[in-house]
Amino acid sequence: MTISPDFSVASTVVTAVLGAYLLLGEPWLGRRLYGSLARRRDTEPRALVGYFSFILVFWCVLAALAVAALLLSPGIAAADLGIAAPASPVSAAVIIVLMGAVSVVSGRKMRALAEGGRNVPGLASIQAMLPRTAQERRLAIAVAVTDGICAELVYRGLLIAFGVGVLGLNLYAAAALSVLVYAVAGIYQGRSGVIAFGLVGALFAGLYVASGSLLLPIAVHIALTVRDLTLPVPEPIGSLPTYEPTPKGS
């Protein structure tokens with residue numbers, strides 16, 4: 001994979017502001033939003049609908065800023081942001097099928113554990129986001145798809161291009177930087193959150209660099225997030241932590 005983005009001044013400013021938000025603002029805002037949801041989830045029937053609706057709109061705004069950065073720079077091609085076909089479509093299709101199968105199998109196992117009242121690692125931290133009605137399930141799937149597309153465009157496509165085109169990093173160093181920003185977004189969950197975000201971010205960045213396309217990380221991101229956001233609610237959420245794990249994710 002080779003990219004050579006040439007950022008204009010306007011595009012550089014837009015991307016720098018967006019990057020600063022991802023590094024500093026995302027954990028703070030996520031903590032407040034999820035804390036509010038957890039407090040209202042059992043007493044306000046439409047609390048999750050409102051939360052998911054906000055997430056949908058907000059991710060679309062972030063993705064629009066990424067597209068604006070592309071349009072503001074004639075020296076940036078769509079392929080510089082990963083908007084291109086995979087270098088090997090057959091290999092990409094195989095990986096997507098395999099990862100889809102892994103998501104289904106692991107999802108069934110996690111569902112069985114939750115329905116049996118057994119502990120599912122990490123489930124308590126997203127408990128307030130788990131749907132209980134048909135409308136909430138539809139919104140959860142919409143959030144998973146939106147998060148997969150928009151987060152990959154922003155974190156992988158735009159940030160890696162910024163690292164190469166503005167910071168002068170090579171592709172792998174820029175990818176590592178994008179993983180770091182993604183990992184720091186989980187710092188409000190403590191050490192385990194940083195590790196989880198870092199590992200998943202490394203997977204997505206690796207798929208992107210290997211294929212030269214955002215298609216692979218988007219597909220895997222969506223599969224994992226749909227799996228997580230459609231798990232059954234294991235127990236009452238009265239004592240939930242007040243932070244938001246970005247869906248895997250957002």
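Visitor: How much space lies in the second largest pocket?

Guide: The model is a predicted one. In it, the second largest pocket holds about 210 Å³ of space.

Visitor: Which residues are the closest to the centre of that pocket?

Guide: A pocket is read through the residues that line it. Here the lining has 13 residues, and those closest to the centre are Gly19, Leu159, Phe162, Leu177 and Val181.

Visitor: How many residues of the lining are nonpolar, polar or charged?

Guide: Sorting the lining by class gives ten nonpolar residues, three polar residues and no charged ones.

Visitor: Let us turn to the aromatic rings. How many aromatic pairs does a search of the whole structure find?

Guide: Seven aromatic pairs are found. For each pair, one reads the distance between ring centres and the angle between ring planes. Take Phe7 and Phe162: their ring centres are 5.8 Å apart and their planes stand at 90°, so this pair is edge-to-face.

Visitor: Which parts of the chain does the pair of Phe7 and Phe162 tie together?

Guide: Phe7 belongs to the segment before helix 1 (9-40), while Phe162 belongs to helix 4 (residues 134-165), so the pair links parts that are 155 residues apart in sequence. Both Phe7 and Phe162 are buried.

Visitor: Why is the pair of Tyr51 and Phe52 called tilted?

Guide: The planes of Tyr51 and Phe52 are at 50°, with the ring centres 6.0 Å apart. An angle under 30 degrees would count as stacked and one over 60 as edge-to-face, so the remaining angles are called tilted. Tyr51 is buried, as is Phe52.

Visitor: Which residues form one aromatic cluster?

Guide: The members of the cluster are Trp59, Tyr155, Tyr182 and Phe197. Two of these can be compared by their positions: Tyr182 and Tyr155 are 27 residues apart in sequence, and their C-alpha atoms are 7.0 Å apart in space.

Visitor: Where is Tyr182, and is this residue buried or exposed?

Guide: Tyr182 is placed in helix 5. Its relative accessibility is 1%, and Tyr182 therefore counts as buried. The cut-off used in this step is that buried means under 20% relative accessible area.

Visitor: What sits over the ring of Tyr182?

Guide: The charged end of Arg156 does, at 4.5 Å from the centre of the ring.

Visitor: May we apply the reading of accessibility to other residues? Where is Cys150, and is Cys150 buried or exposed?

Guide: Cys150 is in helix 4. With a relative accessible area of 7%, Cys150 is buried. Cys150 and Ala185 are 35 residues apart in sequence, with 16 Å between their C-alpha atoms.

Visitor: What is the relative accessible area of Ala112?

Guide: The value for Ala112 is 47%, so this residue is partly exposed. Ala112 lies in helix 3 (residues 89-115). Between the C-alpha atoms of Ala112 and Gly82, which are 30 residues apart along the chain, the separation is 37 Å.

Visitor: Where is Ala78 found?

Guide: Ala78 is in the loop between helix 2 (47-71) and helix 3. With a relative accessible area of 32%, Ala78 is partly exposed. The C-alpha atoms of Ala78 and Glu115 are separated by 45 Å, and these two residues are 37 residues apart along the chain.

Visitor: Let us close with the chain as a whole. How many helices and strands are there in the chain?

Guide: The chain has seven helices and zero strands. Read from the N terminus, the order of its elements is α-α-α-α-α-α-α.

Visitor: How is the radius of gyration of the chain to be read?

Guide: One compares the value with a rule for globular proteins. The chain has a radius of gyration of 18 Å, close to the 18 Å that the globule rule gives for 250 residues, so the chain is as compact as a globular protein of that length. Along the principal axes, its C-alpha atoms fill a box of roughly 50 × 35 × 30 Å.

Visitor: What percentage of the residues of the chain count as buried?

Guide: Of the 250 residues, 50% count as buried.

Key. Residues numbered from 1 in each chain as written. Predicted model: local features only at pLDDT ≥ 70, side-chain atom pairs only at ≥ 80, totals over all residues. Heavy atoms only, no water. Phe/Tyr/Trp six-rings, centres within 6.5 Å; stacked < 30°, edge-to-face > 60°. Helix = DSSP H or I, 4+ residues; strand = E, 2+ residues; numbered from the N terminus. Buried < 20%, exposed > 50% of the residue type's maximum accessible area, 1.4 Å probe, protein only. Lys NZ or Arg CZ within 6 Å of the ring centre and 35° of its normal. 1 Å grid on protein atoms, 1.4 Å probe; cavity = no way out; pocket = protein on both sides within 12 Å on 5 of 7 lines; lining within 4 Å. Points joined across faces, edges and corners; volume = space filled by probe spheres on them. Nonpolar A, V, L, I, M, F, W, Y, C, P; charged D, E, K, R; others polar. Rg over C-alpha atoms; globule rule 2.2 N^0.38 Å.
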